[in-house]
Amino acid sequence: MTIPPPAIRPGEPDDETLIEACIAGDDAAWTTLVDRYGRLVFSIPRRYRFDRTQSEDAFQEVFAILFRQLPRLRNRAGLPKWLMTTTHRVCRQIIRRRTLPLDPLHPALEQAAPPQDLLAEWERAHAVRGALRALGGRCEELLTALYLERAEVRYEHIAERLGMPIGSIGPTRARCLEKLLELLEKTDRSG
């Protein structure tokens, strides 16, 4: 299974260029790389029901490992999959170190690598986040508020926050979802 590359905003370098810049000591490139994949990495321990502190520990550990491994990373185009697999392994190590009880809903914690269905779910979530990021602007804000924020969705609050009439949320949502679908299909065809 191939993970499509994240949607990159115009003017942003691709992963391979960022990795080369990071190896050369470019702090801005490292920040861009962490920003690009931070949500992906942070989401994995959260899906294993780690609390925020444990998730932050896993996040830091994964990016510390990545930083050390960058010069030896052979498949630079496969960075998302490498990050997902490494994060899964780090989560298992944290569980062993802290002797957290294993959640019976996640038997994958016992495995050396995440199961294919869980990996596929992470890939889909990563692709959607990347496409949302590529959309940017009002569409990214609106769709994130409607579908990805954990708080209760209230059109009144969203309209106020985004400075838009409440009656335009539905039609704007429909247009944004259409654009998002086009981006995801384009990414699917090119991946």
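# How the helices meet

In helix H6, Arg138, Glu141, Leu142, Ala145 and Leu146 meet Tyr155, Ile158, Arg161 and Leu162 of helix H7; a contact here means heavy atoms within 4.5 Å. Sorted by type, the residues of this H6 and H7 contact comprise six nonpolar, no polar and three charged. In this sorting, Ala, Val, Leu, Ile, Met, Phe, Trp, Tyr, Cys and Pro count as nonpolar, Asp, Glu, Lys and Arg as charged, and the others, Gly among them, as polar.

Before we go on, a word about the model. It is predicted, so local features need pLDDT of at least 70 and side-chain atom pairs count only at pLDDT 80 or more, while totals for chains, interfaces and linings use all residues. Residues are numbered from 1 along each chain as its sequence is written, and side-chain values use heavy atoms, with hydrogens and water left out.

## The whole chain

The protein chain holds eight helices and zero strands (DSSP runs numbered from the N terminus: H or I of at least four residues for helices, E of at least two for strands). Read from the N terminus, its elements therefore run α-α-α-α-α-α-α-α. Of the 191 residues, 40% are buried (under 20% relative accessible area; exposed is over 50%, partly exposed in between, with a 1.4 Å probe and protein chains only). Among the contacts with a separation of 6 or more, 63% join residues 24 or more positions apart.

The table gives the angle between N-to-C directions, from 0 to 180 degrees, and the distance between axes fitted to C-alpha atoms over the stretch in contact.

| Helix pair | Angle | Axis distance |
|---|---|---|
| H1 (residues 15-23) and H2 | about 135° | 8 Å |
| H6 (residues 137-148) and H7 (residues 155-162) | about 155° | 11 Å |
| H2 (residues 27-47) and H3 (residues 52-69) | about 135° | 9 Å |

The angle makes H2 oblique to H3 (under 35 degrees is roughly parallel, over 145 roughly antiparallel, 65 to 115 roughly perpendicular and the rest oblique). On the H2 side, the contact includes Trp30, Leu33, Tyr37 and Phe42, and on the H3 side it includes Ala58, Phe59, Val62 and Phe63. In total, this contact of H2 with H3 has 13 nonpolar, two polar and three charged residues.

H2 also packs against H1, and these two helices are therefore oblique to each other as well. H1 passes H2 in a left-handed crossing. Here Asp15, Leu18, Ile19, Ala21 and Cys22 of H1 touch Ala29, Trp30, Thr32, Leu33, Arg36 and Tyr37 of H2. Eight of these residues are nonpolar, one is polar and two are charged.

Back to the opening pair: H6 and H7 are roughly antiparallel, as their angle implies, and they cross in a right-handed way.

## Two residues to look up

Which residue has a positive phi although it is not a glycine? That is Arg49, with a phi of about 65°, in the loop between H2 and H3. Most residues other than glycine have a negative phi.

Lys81 belongs to helix H4 (residues 79-98). Lys81 is partly exposed because its relative accessible area is 31%. Its C-alpha atom is separated by 8.2 Å from that of Glu123, which is 42 residues away along the chain.

Definitions and conventions:
Left-handed = near helix turned anticlockwise from the far one by under 90°.
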